[in-house]
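The following briefing is intended for a reader who is new to this structure. Please consult the sequence and the model alongside the text.

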Amino acid sequence: MATKVYIVYYSMYGHVEQLAKEIQKGAASVEGVEVKLWQVPETLSDDILAKMSAPAKSDAPIISPHELADADGLLLGFPTRFGMMAAQFKAFMDATGGLWRTQALAGKPAGIFYSTGSQGGGQETTPLTAITQLAHHGMIFVPIGYTFGAGMFEMEKVKGGSPYGSGTFAGDGSRQPSELELEQAFHQGKYFAAIAKKLKGAA
């Protein structure tokens with residue numbers, strides 16, 4: 001039976017979504033792994049989003065909290081807000097109380113990816129503070145560590161991400177994920193999927 005990896009994300013301006021799609025490619029490159037992209041529900045009104053010049057959402061389906069339990073592994077992505085996950089994703093996690101009560105997610109592997117506006121804007125604090133969500137659900141956090149190799153030590157180019165997971169810098173919104181950042185996202189997907197597959201096989 002295939003290993004199911006769900007990539008669940010929130011993206012306002014598309015930066016996190018670009019990472020999610022590259023992570024999907026990486027995870028899908030692992031034989032025996034099924035990958036699906038999901039979005040969490042938007043909490044802002046259309047009027048507010050229009051004032052913020054947010055583009056239309058993609059056609060990725062909206063996930064319900066109970067659907068998380070169907071996955072063998074979860075990769076969670078979000079932009080930062082003041083060094084922590086965006087409220088839209090936090091609201092979604094706050095709705096997983098039923099899963100917490102039954103510990104339906106306990107023992108499942110989970111990874112994190114993210115976008116920040118600046119180099120000091122939360123590339124480490126965002127995933128670090130998000131780990132609490134995984135801990136309370138009894139999930140197994142799977143960071144990428146330094147498995148991305150030389151790309152982790154890039155000093156000449158601006159590059160998001162950290163040992164916690166892949167990431168990008170959005171700047172004022174005009175900057176898009178670089179080739180190196182997308183390569184790191186692909187690596188995270190492939191690396192995570194292999195671990196999720198191994199854990200399912202050992203169960």
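Trp100 counts as partly exposed, at 46% relative accessibility; buried means under 20% relative accessible area, exposed over 50%, and partly exposed in between, with a 1.4 Å probe and protein chains only. This is a predicted model, in which local features need pLDDT of at least 70 and side-chain atom pairs count only at pLDDT 80 or more, while totals for chains, interfaces and linings use all residues. Residues are numbered from 1 along each chain as its sequence is written, and side-chain values use heavy atoms, with hydrogens and water left out.

**Surroundings of Trp100**

- Trp100 lies in helix 4 (residues 97-102); helices (H or I, at least four residues) and strands (E, at least two) are DSSP runs, numbered from the N terminus.
- Not counting residues up to four places away in sequence, Trp100 touches His136 and His137, where contact means heavy atoms within 4.5 Å.
- The C-alpha atoms of Trp100 and His137 are separated by 5.5 Å, although the two residues are 37 residues apart along the chain.

**Annotated domain**

- UniProt lists residues 5-192 for "domain: Flavodoxin-like" in an unreviewed entry; its positions are given in the numbering used here, feature names are shortened, and annotations may be inferred rather than shown by experiment.
- The span of residues 5-192 is 32% helix and 19% strand, and its end C-alpha atoms lie 9 Å apart.

**Strands 1 and 2**

- Strand 1 (residues 3-9) and strand 2 run parallel and are joined by seven bridges; two strands pair if DSSP finds at least two bridges between them.
- Lys4 stands opposite Glu34 in strand 2.
- From strand 1 the chain crosses through helix 1 (residues 15-28) to strand 2, in a right-handed β-α-β crossover; right-handed means that, with the strands pointing away from the viewer, the path from the first strand over the helix to the second runs clockwise.
- Strand 2 (residues 33-39) is largely enclosed by the rest of the structure, because five of its seven residues are buried.

**Nonpolar cores**

- The largest nonpolar core has 27 residues, and those with the most contacts inside it are Val8, Ile63, Leu68, Leu74 and Phe89; such a core is a set of buried Ala, Val, Leu, Ile, Met, Phe, Trp, Tyr and Cys residues joined through side-chain atoms within 4.5 Å.
- Two or more residues of this core come from each of strand 1, strand 3, helix 3, strand 5 (109-116) and helix 5 (125-137).
- A second, separate core of 20 residues includes Tyr9, Leu19, Leu75 and Val142.

**Aromatic pairs**

- Rings of Phe, Tyr and Trp (its six-membered ring) pair if their centres lie within 6.5 Å; planes under 30 degrees apart count as stacked, over 60 as edge-to-face and the rest as tilted.
- By this rule there are four aromatic pairs.
- The pair of Phe78 and Phe89 is tilted, because the ring centres are 4.9 Å apart and the planes stand at 55°.
- Phe78 lies in strand 3 (residues 73-81) and Phe89 in helix 3 (residues 87-94), so this pair ties together parts that are eleven residues apart in sequence.
- Phe78 is buried at a relative accessible area of 1%, and Phe89 is buried at 0%.
- Phe78, Phe89 and Phe92 form one aromatic cluster.

**Positive phi angles**

- Most residues other than glycine have a negative phi.
- Ser53, which is not a glycine, has a positive phi of about 60°; Ser53 lies in the loop between helix 2 (46-51) and strand 3 and is exposed, with a relative accessible area of 59%.
- Phe82 has a positive phi near 55°; Phe82 is in the loop between strand 3 and strand 4 (84-85) and is exposed, with a relative accessible area of 88%.
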